[in-house]
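Me: I would like to learn how to read a few backbone and packing features in a structure. Could you take me through them one by one?

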Amino acid sequence: MSSGIPLQYFLILATIMFFAGVYGFLTRRNLITILMSVELILNSVNINFLAFNRYLFPHKLEGMFFSIFVIAVAASEAAVAIAIIINIYRRFTTINVEDVNEMKF
Amino acid sequence: MASNQIMFILFALMISVFSVLTVTTRKILRAAVFLLFVLVSTSGLYFMLNYQFMAAIQLTLYAGGIVVLIIFSILLTSHISQKFETSGWKKNIFSALAAITGAILSIVTILDYSFSATKEAAQEVDMHLIGRSLLSVDKDGYVLPFEVISILLLAAMIAAIVIAKKAGPAKTILPKLNQE
């Protein structure tokens with residue numbers, strides 16, 4: 001399936017996705033959109049792992065298992081982050097990072 | 001041009017356009033939907049790389065789980081029609097500068113480096129092999145990271161419940177139990 005497509009194209013695509021995530025992480029103010037940017041970054045790393053595994057070491061499975069673990073970490077991170085965001089919303093009635101600047105009360 | 005190259009170009013265009021739109025659109029629900037498009041086309045890329053299991057995980061866990069979670073929390077915390085105020089143009093410009101500089105640096109490095117593949121024959125990735133490797137303690141086994149990730153998932157699940165539950169009802173349960 002991947003014949004005729006150089007490895008570099010996959011890496012460039014992942015680079016674009018990664019730096020879109022970085023841009024969003026730096027400019028967004030809403031906590032949920034920051035979380036979305038983090039998901040973009042993690043996803044681009046997964047593409048890199050799988051492309052390297054398929055093109056450079058097709059007889060091993062290390063990249064695939066590593067990206068499975070990355071996906072598991074991303075899922076648990078999203079669950080905990082959203083729990084924290086909802087808790088912040090209850091306390092401050094906003095999830096704008098610039099309005100939430102006190103740790104407690 | 002072969003059909004798989006056309007598919008790759010389609011997926012690449014979708015991923016790059018929608019990931020830029022995810023971080024620049026001013027409506028939050030649209031951002032979530034664009035994120036969904038990015039994740040679905042990423043699973044298409046995994047199908048192209050012949051990792052069907054990863055593509056299925058990507059579809060069910062990312063596109064099915066995380067995006068739904070994000071959309072629910074958006075509905076809980078903000079109005080749908082609400083638009084963000086744009087952050088200051090100075091911050092935007094400098095962030096874009098940092099991102100574009102980093103992207104150009106990485107792309108130049110990638111194009112400069114010559115990747116050398118091994119000559120060994122490709123391995124067929126089927127469910128049997130994945131299950132065996134995940135639970136084996138041999139040389140190519142992954143049982144230790146598997147156990148670590150299980151404990152991490154359990155801890156995250158309990159933490160999410162403890163953090164998000166309301167403090168009120170937990171205290172009122174005890175007296176009722178005592179009465180019975």
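Predicted model: local features only at pLDDT ≥ 70, side-chain atom pairs only at ≥ 80, totals over all residues.

Me: Is A:Thr93 buried or exposed?

Reply: A:Thr93 is exposed, because 9 other C-beta atoms lie within 10 Å, and the cut-off for exposed is 12 or fewer.

Me: Which residue of chain B has a positive phi near 70°?

Reply: That is B:Asn50, again a residue other than glycine. B:Asn50 sits in the loop that joins helix H2 (28-48) to helix H3 (52-77) of chain B. B:Asn50 has 16 C-beta neighbours inside 10 Å, so it counts as partly exposed.

Me: Now helices. How should I describe a packed pair?

Reply: The general idea is to give the angle between the two axes and the distance between them. Take helix H1 (residues 3-24) of chain B with H2(B): their axes come within 8 Å and cross at roughly 155°. Angles over 145 degrees count as roughly antiparallel, so that is how H1(B) and H2(B) run relative to each other. Their crossing is left-handed.

Me: Which residues of H1(B) and H2(B) meet?

Reply: From H1(B), they include B:Phe8, B:Phe11, B:Ile15 and B:Phe18. On the side of H2(B), B:Phe34, B:Leu35, B:Val38 and B:Leu45 are among them. Sorted by class, this contact between H1(B) and H2(B) has 14 nonpolar and six polar residues, with no charged ones.

Me: And between the chains, how many residues does each one bring to the contact?

Reply: Chain A gives 62 residues and chain B gives 68 residues. On the side of chain A that touches chain B, helix H1 (7-27), helix H2 (31-55) and H3 each give two or more residues. H3(A) supplies the largest share of that side, 20 residues. By class, the side of chain A that touches chain B divides into 44 nonpolar, 14 polar and four charged residues.

Me: Last one: into which domains is chain B divided?

Reply: Chain B has domain 1 (1-84) and domain 2 (126-169).

Technical notes. Residues numbered from 1 in each chain as written. Chains lettered and ligands numbered in written order. Buried ≥ 20, exposed ≤ 12 C-beta atoms within 10 Å, placed from the backbone. Helix = DSSP H or I, 4+ residues; strand = E, 2+ residues; numbered from the N terminus. Contact = placed C-beta atoms within 7 Å. Nonpolar A, V, L, I, M, F, W, Y, C, P; charged D, E, K, R; others polar. Axes fitted to C-alpha atoms, helices over the stretch in contact; angles between N-to-C directions. Parallel < 35°, antiparallel > 145°, perpendicular 65-115°, else oblique. Left-handed = near helix turned anticlockwise from the far one by under 90°. Domains from an automatic or database assignment.
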